[in-house]
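Me: I have a model open and want to go through how it is put together. Can we start with the strands?
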Amino acid sequence: MNDLDLQKRDLLLETQRCAELFNSQVFVNHQIFTQSAFIEILVRLNYILQELSKKNNRIIWTDDVQTDQNIRDITDLINNLRNAACHSDSPRNYISNSSIKFVFNTFVGKCPNAVKIGDDISLGNEYQDDIAFYYGDKRIYLVRHIKKLLEELPNEINKLK
């Protein structure tokens with residue numbers, strides 16, 4: 001087995017672990033380990049996406065990703081959220097231009113304006129069939145983002161040369 005085969009195997013095992021957590025039902029009924037499982041998925045997905053990016057196979061889709069100067073695509077979103085989740089003192093845990101810390105907040109089902117801050121900031125979930133997670137004002141969807149990545153990553157990893 002050569003180095004590339006070993007790296008692909010490593011990345012596929014990381015993806016498999018994320019899929020195990022995703023499929024464990026820990027997200028269906030908010031439990032004591034839901035946040036832990038979510039953070040583990042973020043850490044592993046960030047590793048996979050950064051490795052793909054280094055190999056010029058960056059995942060660049062922006063479906064339902066709130067882009068800005070720091071977040072261009074799903075790879076940046078995962079990286080931003082991973083950094084927020086792993087560093088309690090990160091400024092990424094605060095809602096933009098405020099002193100409001102907003103860590104691992106979840107919105108189940110459609111509630112697009114669940115939290116309103118002033119006239120400019122509205123946080124929530126746009127979809128009845130999904131769960132939105134927030135660190136600061138950065139949102140990721142369980143199905144539209146994480147599940148989609150878990151479905152696509154094995155193909156992307158196998159394309160590595």
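Predicted model: local features only at pLDDT ≥ 70, side-chain atom pairs only at ≥ 80, totals over all residues.

Me: OK, how many bridges join β2 to β3?
Reply: Four bridges join strand β2, residues 111–117, to strand β3, residues 121–125. The two strands run antiparallel.

Me: What stands opposite K116 there?
Reply: S122 in β3 stands opposite K116.

Me: And how many residues sit between β2 and β3?
Reply: Three residues lie between them, and the two strands form a hairpin. In the turn, G118 has a positive phi of about 65 degrees.

Me: I was also looking at N113. Where is that found?
Reply: N113 is in strand β2. Leaving aside neighbours within four places in sequence, N113 is in contact with S122 and L123.

Me: How far is N113 from K148?
Reply: Their C-alpha atoms are separated by 24 Å. Along the chain, N113 and K148 are 35 residues apart.

Me: Now the sheet with β1. What is the strand order?
Reply: The order is β1-β4-β5, three strands in an open sheet with antiparallel pairing. The edge strands are β1 and β5 (138–141), each of which pairs on one side only. From one strand to the next, the twist averages 25 degrees.

Me: How many bridges join β1 to β4?
Reply: Five bridges join β1 to β4, and these strands run antiparallel. V103 stands opposite Y135 in β4.

Me: Which helices pack on that sheet?
Reply: Helix α3 (residues 74–86) packs on the sheet and touches β4 and β5. The direction of α3 makes about 110 degrees with that of β5. Helix α4 (residues 142–158) also packs on the sheet, touching β4 and β5. For α4, the direction makes about 65 degrees with that of β5.

Me: Switching to aromatics, how many aromatic pairs are there?
Reply: With ring centres within 6.5 Å as the cut-off, the count comes to ten aromatic pairs. One of them is F104 with F133, a stacked pair at 5.5 Å centre to centre, with 25 degrees between the planes. That pair links distant parts of the chain: F104 is in strand β1 (residues 103–108) and F133 is in strand β4 (residues 131–135), 29 residues apart.

Me: On to the helices. At what angle do α1 and α2 pack?
Reply: Helix α1 (residues 3–22) and helix α2 (residues 34–54) pack at about 155 degrees, with their axes 9 Å apart. Angles over 145 degrees count as roughly antiparallel, so α1 is roughly antiparallel to α2. In passing α2, α1 makes a left-handed crossing.

Me: Which residues in α1 meet α2?
Reply: Among them are L11, C18, L21 and F22 in α1, and the residues they and others meet in α2 include I41, L45 and I48.

Me: What about α2 and α3, at what angle do they cross?
Reply: Their axes come within 9 Å and cross at roughly 135 degrees. That makes α2 oblique to α3. The crossing of α2 and α3 is left-handed.

Me: And which residues meet in that contact?
Reply: The α2 side includes I39, L42, V43 and N46, and the α3 side includes I78, L81, R82 and A85. By class, the contact of α2 with α3 has ten nonpolar, four polar and one charged residues.

Definitions and conventions. Residues numbered from 1 in each chain as written. Heavy atoms only, no water. Axes fitted to C-alpha atoms, helices over the stretch in contact; angles between N-to-C directions. Parallel < 35°, antiparallel > 145°, perpendicular 65-115°, else oblique. Left-handed = near helix turned anticlockwise from the far one by under 90°. Contact = heavy atoms within 4.5 Å. Pairing = 2+ DSSP bridges. Phe/Tyr/Trp six-rings, centres within 6.5 Å; stacked < 30°, edge-to-face > 60°. Nonpolar A, V, L, I, M, F, W, Y, C, P; charged D, E, K, R; others polar.
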